[in-house]
Amino acid sequence: MRLALAQAALAPPTGDVPVGCVVLGPDGSVIGRGHNEREAVGDPTAHAEVQAIRAAAASMAAAGIAAPAGAATAAAATAGTGAGVPVGTTAGVLAAPGRGVLPGAGVPRSGGVHPADGGCRVGGALSGSPRSAEGGAWRLTGCTLVVTLEPCTMCAGAIVLSRVDRVVFGAHDAKAGAVGSLWDVVRDRRLNHRPEVVAGVLEQECGAVLTSFFDGHRDRVPPPTDF
């Protein structure tokens, strides 16, 4: 989660809301990074999760592999929380005190890349769909998506379509959250893929970043003069 927070810190200089995301590969390494870039690139779909998913898919395609399931661990996703156990079952995940793991967790289910991650840089928000020579490498099976804010409906849909195994998020979003707060897109049993969910990791820290941004933004906006 701290890697996702580091990504979030890259958003405010362009006027974007500080939300950051990383995708961990089956071995726990970072294969995709992203932060909000709607203002930076003029693309309404350039949310942190979408950017990170595109970058991760590009990494998988560049490697020419389709990820095996169930190999990632929660160590990187829950960094700073004291957890470091496998996340294939609910016993291996850590959620915020008082919240626990959201219902449905533990059931097996089916921005550019940072150069250090060994992937391909994806310029802009509307990159092409990556594919390996064999095809199908866009599937992020076995991967974990870690994001500082509960995904919206668009990002929740992208998560389902990308086939990530689990979603870890920090702050809940009571106004637009689609992973349990307002909707629960990722665990809708009518869909063909339902990832495991771990909620509330470093929630206060993730929320504080957003609160600070919006407080500062309100301070910079001049009061209306047309009363």
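## How α3 and α4 cross

In this predicted model, helices α3 and α4 make a left-handed crossing. The residues that touch are Glu 49, Val 50 and Ile 53 on the α3 side, with Met 154, Cys 155, Ala 158, Ile 159 and Ser 162 on the α4 side. Sort that set by type and you get six nonpolar residues, one polar and one charged.

Now for the geometry. Two packed helices are described by the angle between their axes and the distance between the axes. Here α3 spans residues 48-63 and α4 spans residues 153-162, and their axes come within 9 Å, crossing at roughly 20°. Angles under 35 degrees count as roughly parallel, so α3 is roughly parallel to α4.

## What α4 hides, and what follows it

Several α4 residues are tucked away: Cys 155, Ala 156, Ile 159, Val 160 and Ser 162 are buried. The cover over them includes α3, along with strands β3 (144-149) and β4. Cys 155, Ile 159 and Ser 162 also belong to the contact with α3.

## The core and Leu 140

In soluble globular proteins, nonpolar side chains tend to be buried together. The largest nonpolar core in this model holds 41 residues, and Met 1, Val 23, Leu 140 and Leu 145 have the most contacts inside it. Helix α3 is the top contributor to this core, giving five residues.

Leu 140 is worth a look. Setting aside neighbours within four places in sequence, Leu 140 is in contact with Val 23, Ile 53, Ala 56, Ala 57, Met 60, Ser 162, Arg 163, Val 164 and Asp 165. One of those partners, Ile 53, also takes part in the contact between α3 and α4, and so does Ser 162.

## Asp 184 out in a loop

Asp 184 sits in the loop linking β4 (166-171) to β5 (196-199).

Beyond residues up to four places away in sequence, Asp 184 touches Ala 178 and Val 179. Asp 184 and Thr 153 are 31 residues apart in sequence, yet their C-alpha atoms are 8.6 Å apart in space.

## The chain as a whole

Stepping back, the protein chain has five helices and five strands. Read from the N terminus, the order is α-β-β-α-α-β-α-β-β-α. Of the 227 residues in the chain, 49% are buried.

Terms used
Residues numbered from 1 in each chain as written. Predicted model: local features only at pLDDT ≥ 70, side-chain atom pairs only at ≥ 80, totals over all residues. Heavy atoms only, no water. Axes fitted to C-alpha atoms, helices over the stretch in contact; angles between N-to-C directions. Helix = DSSP H or I, 4+ residues; strand = E, 2+ residues; numbered from the N terminus. Parallel < 35°, antiparallel > 145°, perpendicular 65-115°, else oblique. Left-handed = near helix turned anticlockwise from the far one by under 90°. Contact = heavy atoms within 4.5 Å. Nonpolar A, V, L, I, M, F, W, Y, C, P; charged D, E, K, R; others polar. Core = buried A, V, L, I, M, F, W, Y, C linked by side-chain atoms within 4.5 Å. Buried < 20%, exposed > 50% of the residue type's maximum accessible area, 1.4 Å probe, protein only.
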